There are 2 protein chains.
Amino acid sequence: MKLYLATQNKHKIDEIAMILAPYSIQVIAAPFKKLELQSKNIEEIALKAVESIEPQDAPVAVEDSGLFIDELNGFPGPYSSYVYETIGIKGVLKLMQGVADRSATFISVIAVKTPQGEIKAFKGETKGTVTLQPRGKHGFGFDPIFQPLGSNKTFAEMSIEEKNIYSHRGKAAKMLAWWLRGII
Amino acid sequence: MKLYLATQNKHKIDEIAMILAPYSIQVIAAPFKKLELQSKNIEEIALKAVESIEPQDAPVAVEDSGLFIDELNGFPGPYSSYVYETIGIKGVLKLMQGVADRSATFISVIAVKTPQGEIKAFKGETKGTVTLQPRGKHGFGFDPIFQPLGSNKTFAEMSIEEKNIYSHRGKAAKMLAWWLRGII
């Protein structure tokens with residue numbers, strides 16, 4: 001079967017495609033225009049986005065994600081990509097200077113709409129820490145400064161396969177695969 | 001005449017009401033549900049918000065605003081209120097530590113929809129600098145660290161009357177008053 005993924009972020013496409021491939025689900029990047037709401041809630045953003053897309057001949061999915069840093073009250077959260085483009089990794093590390101508790105959570109929500117108009121959302125969370133320095137060249141966004149619990153590498157030091165084992169997006173995509181295949 | 005203002009921010013209501021009063025325009029705070037898009041463009045956010053509100057028996061307005069700091073590539077910009085609630089003034093000052101060029105611009109857009117469904121937007125901009133320390137107790141948000149060009153006070157050291165002379169919101173509200181009264 002095929003699945004439309006309404007994003008232009010090549011990294012997201014590659015990560016999700018790799019999870020879905022073993023389930024014989026082919027990801028097709030699709031530039032559907034979608035509504036992107038301001039909200040502190042990633043799930044609300046993803047649901048409203050997928051609601052704004054007309055049903056297609058195959059399921060259509062959107063993914064929204066963010067890095068929530070405990071000591072910064074959840075910042076940059078839903079606005080992670082804007083924050084990455086403006087103050088960047090350097091800015092976030094500056095905000096974390098002298099901060100003892102470096103706990104953070106990456107959250108991903110994949111919302112999907114079936115050809116019949118049914119909507120579901122799958123949420124993946126990964127806890128970890130903000131590193132003192134960026135490490136690694138893979139991935140995108142804040143991957144170089146996020147080290148998930150259970151690993152001594154940052155997301156940017158991992159291959160896509162390895163990142164998918166630990167990552168918020170990998171977990172959400174796995175649940176999507178199960179649901180599309182009728183396993184959950 | 002009356003004007004509905006779709007906001008729950010008492011400071012915005014007070015500032016705009018004071019500008020409009022001499023034009024015999026009475027501001028009525030109205031909790032209309034409105035769409036709040038993610039966008040780097042304040043004007044787009046305000047226009048989409050007012051578009052999402054049904055025409056009323058009097059003009060209905062929304063105001064969106066943000067502080068754009070040059071050396072932070074416009075951050076916090078359209079997400080100023082989220083950034084205020086998370087990293088706050090302390091976080092922005094930390095990001096500005098050691099930054100020589102402290103230039104910033106406050107932008108306000110007031111978008112209005114008439115009972116006939118006509119839509120207009122008015123943009124006010126105020127250039128100034130990010131101060132080294134917060135000063136003053138008035139206003140809201142980043143007012144304590146923004147000193148407009150032409151004054152040696154921050155917005156938070158000014159009365160509403162004085163802030164309205166200098167402020168982005170005051171300028172946008174003045175244009176709105178002129179337009180509602182057929183002066184422009």
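I began with the record: an unreviewed UniProt entry annotates Asp64(A) as "active site". Such annotations may be inferred rather than shown by experiment; positions follow the numbering used here, and feature names are shortened. The model is predicted, so to speak of local features I need pLDDT of at least 70, and side-chain atom pairs count only at pLDDT 80 or more, while totals for chains, interfaces and linings use all residues. Residues are numbered from 1 along each chain as written, with chains lettered from A and ligands numbered from 1 in the order written.

I placed Asp64(A) next. Asp64(A) sits in strand E3 (residues 60-69) of chain A. Strands (E, at least two residues) and helices (H or I, at least four) are DSSP runs numbered from the N terminus.

Is Asp64(A) buried or exposed? Asp64(A) is buried, because 30 other C-beta atoms lie within 10 Å. The cut-offs are 20 or more for buried, 12 or fewer for exposed, and partly exposed in between, with C-beta atoms placed from the backbone.

I listed its contacts (C-beta atoms, placed from the backbone, within 7 Å). Beyond neighbours within four places in sequence, Asp64(A) touches Ile42(A), Ile45(A), Ala46(A), Ala49(A) and Val109(A).

I then looked at chain A as a whole. Chain A has six helices and seven strands. Their order along the sequence is β-α-β-α-β-β-α-α-β-β-β-α-α. Buried residues are 47% of its 184. Of the contacts in chain A with a separation of 6 or more, 60% join residues 24 or more positions apart.

Last, I checked the interface. I found 15 residues of chain B in contact with 14 residues of chain A. On the chain B side, helix H3 (80-86) and helix H4 (88-95) are the elements giving two or more residues.

Methods: Two residues are in contact if their C-beta atoms, placed from the backbone, lie within 7 Å.
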